[in-house]
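Please look over the structure shown here, with attention to charged and aromatic side chains. The report below takes these contacts in turn.

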Amino acid sequence: MWSNVLNPKAASVYLTLTPQFLTSTRPIAPQIATLAVAHVAVVLVWLLFWASVVAAARTAIDTPRFRRGMSRLAGAVLVAFGVRTATAS
C-alpha cells in the first residue's frame, strides 16, 4: 500500500483521473469511497486471476517431463553459444 501511496506516478494518475468521475453537486466522500471500493474490486479480480495462472503454471512446471525438456533446451542453448564463441573471429 505504501509503495502505491508514496509513488508520485500513481498519485498523478489518481489526481488526473479521479475528478472526471466526481460530481460537484453531490457529497465528495461517498463518491470517493465508491471509487475506492471499485478500485479494490478490480485489483482483487486481477490478482486472483494471476494467482490462478501461476498455480496452473506451477503444476505444469513441477512435472519431470517439463524439467527434462528445460534441461535439454538449456544444454542446447549453451552448446550453441559455445560453438558460436569457438567459431567467432
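The side chains of Asp62 and Arg67 meet in a salt bridge, with N and O 3.4 Å apart; a salt bridge here is a side-chain nitrogen of Lys or Arg within 4 Å of a carboxyl oxygen of Asp or Glu. Salt bridges that share partners join Arg58, Asp62 and Arg67 into one network, and Asp62 also bridges to Arg58, with the closest N and O atoms 3.5 Å apart. A search of the whole structure finds two salt bridges.

This is a predicted model, in which local features need pLDDT of at least 70 and side-chain atom pairs count only at pLDDT 80 or more, while totals for chains, interfaces and linings use all residues. Residues are numbered from 1 along each chain as its sequence is written, and side-chain values use heavy atoms, with hydrogens and water left out.

The structure also holds three aromatic pairs, where rings of Phe, Tyr and Trp (its six-membered ring) pair if their centres lie within 6.5 Å, and planes under 30 degrees apart count as stacked, over 60 as edge-to-face and the rest as tilted. Two of these pairs are tabulated here.

| Pair | Centre to centre | Angle between planes | Kind |
|---|---|---|---|
| Trp46 and Phe49 | 6.1 Å | 35° | tilted |
| Trp46 and Trp50 | 5.8 Å | 75° | edge-to-face |

Ring pairs link Trp46, Phe49 and Trp50 into a cluster. Trp46 is exposed at 52% relative accessibility, whereas Phe49 is partly exposed at 43%; buried means under 20% relative accessible area, exposed over 50% and partly exposed in between (1.4 Å probe, protein chains only).
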